[in-house]
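Here are some friendly notes to read alongside the model. Each point takes up one topic, with the cut-offs given where a term first comes in.

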Amino acid sequence: DAQIFTRCRIGNIAYEKNNGWFLSNADGTFPEYFDSVIIATSPQHCLDLLNNSEIAVNFDDQNLSSEAVGTLYFSFNRCLNFPDALIYLEQPFPSWLIHHGEANYSVVFSGSGAWQSAWNDNLENLRSSYIEKLLQMHKNSLPEDSADRKKLPYLEFQRAVHMPRATLSCRKENTKLFSNILAKSKQKMPLKNLYFCGDYVYTAFPNTLESAIRSGIEVAKKI
């Protein structure tokens, strides 16, 4: 039976000729050997995991353009009344509203846009505007005579996460450039049963969700 390890943040990956792939976490409490390794992290982190200076690549030196993703997380004391689990919001800024189950929601911004200035200049105001918008959307969805219109849900938890280099820009040249980086790294030291998944390694498409899925399918076929 397969063994699943949870909450094991890998810090180092090294290949030993006789034993295979050695993985350990940051504090050294998880040393294990594996026959194969699939790295499915963001591009700036995937090569940093390889604990071998001969194939290490500095992501910052490769002229790879990236895009940011910002996410506002909200939890209320009870569910809001929305028609769908995924809703596009045009205002205050183009974004996606996602229902994660129970009374948990997130608003996701991606790519370059005016939202970045609002995030950097006044994050609290940005959060407040979306809390107000979600509650107003909830209220508007209720019948006029509903008692719930007078007693709206209240916020129990909120969090903001900003990833300035969440993904490579959706440009085909980025994918080709990164694939060349991987190829040159492997030429320096052939690595057996090491696979990479992500939108940045599938060269037929630019960096999109579709290319990420197809990269995973390709690795599954090889294994």
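1. A word on terms to begin with: contact means heavy atoms within 4.5 Å. This is a predicted model, in which local features need pLDDT of at least 70 and side-chain atom pairs count only at pLDDT 80 or more, while totals for chains, interfaces and linings use all residues. Residues are numbered from 1 along each chain as its sequence is written, and side-chain values use heavy atoms, with hydrogens and water left out.

2. Let's start with Phe5. Leaving aside neighbours within four places in sequence, Phe5 is in contact with Phe30, Glu32 and Phe34. Phe5 and Phe30 are 25 residues apart in sequence, and their C-alpha atoms are 9.5 Å apart in space. Phe5 is found in the segment before strand S1 (10-16); helices (H or I, at least four residues) and strands (E, at least two) are DSSP runs, numbered from the N terminus. Phe5 is partly exposed, with a relative accessible area of 33%. On this scale buried means under 20% relative accessible area, exposed over 50%, and partly exposed in between (1.4 Å probe, protein chains only).

3. Ala26 has its place in the loop between strand S2 (20-25) and strand S3 (32-34), and with a relative accessible area of 76% it is exposed. Leaving aside neighbours within four places in sequence, Ala26 is in contact with Arg9 and Gly11. Ala26 and Cys8 are 18 residues apart along the chain, with 8.8 Å between their C-alpha atoms.

4. Next, the pairing around strand S8. Strand S8 (residues 104-110) is mostly covered, with five of its seven residues buried. Two strands pair if DSSP finds at least two bridges between them. Strand S5 (residues 66-76) pairs with S8 in the antiparallel sense over seven bridges, and strand S7 (residues 95-99) pairs with S8, also antiparallel, over four bridges. Ser106 in S8 is the bridge partner of Tyr73, and Ile98 stands opposite Ser106 too. In the hairpin of S7 and S8 there are four residues between the strands, and Gly101 takes a positive phi near 105°.

5. Which residues touch the most other members of the largest nonpolar core? Among its 22 residues, they are Leu72, Phe74, Phe76, Leu97, Phe109, Leu126 and Tyr130. S5, S6, S8, helix H2 (114-121) and helix H3 (123-141) each supply at least two residues of this core, and H3 gives the most, with five residues. A nonpolar core here is a set of buried Ala, Val, Leu, Ile, Met, Phe, Trp, Tyr and Cys residues joined through side-chain atoms within 4.5 Å. In soluble globular proteins, nonpolar side chains tend to be buried together.

6. Leaving aside neighbours within four places in sequence, Phe109 is in contact with residues including Ala68, Leu72, Phe93, Trp115, Trp119, Leu126 and Tyr130.

7. Leu86, Tyr88 and Trp96 make a nonpolar surface patch of about 320 Å². Patches are made of residues with over 30% relative accessible area and no salt bridge; like charges are joined within 9 Å, and nonpolar side chains (Val, Leu, Ile, Met, Phe, Trp, Tyr) within 5 Å. Accessible areas come from the Shrake-Rupley method with a 1.4 Å probe; for residues, only the protein chains shown count as cover. Tyr88 lies in strand S6 (residues 86-89) and is partly exposed, with a relative accessible area of 40%.

8. Finally, how many salt bridges does the structure hold? There are three salt bridges, each a side-chain nitrogen of Lys or Arg within 4 Å of a carboxyl oxygen of Asp or Glu. Arg127 pairs with Glu124, the closest N and O atoms being 3.1 Å apart. Arg127 and Glu124 are separated by about one helical turn because they are three residues apart in helix H3. Arg127 counts as buried at 17% relative accessibility, whereas Glu124 counts as partly exposed at 43%.

9. The other salt bridges can be described likewise. Arg149 and Glu144 meet through their side chains (3.9 Å, N to O); Arg149 counts as buried at 17% relative accessibility, and Glu144 as exposed at 69%. Glu218 forms a salt bridge with Lys221, the closest N and O atoms being 4.0 Å apart. Both Glu218 and Lys221 lie in helix H5 (residues 209-222), three residues apart, about one turn of the helix.
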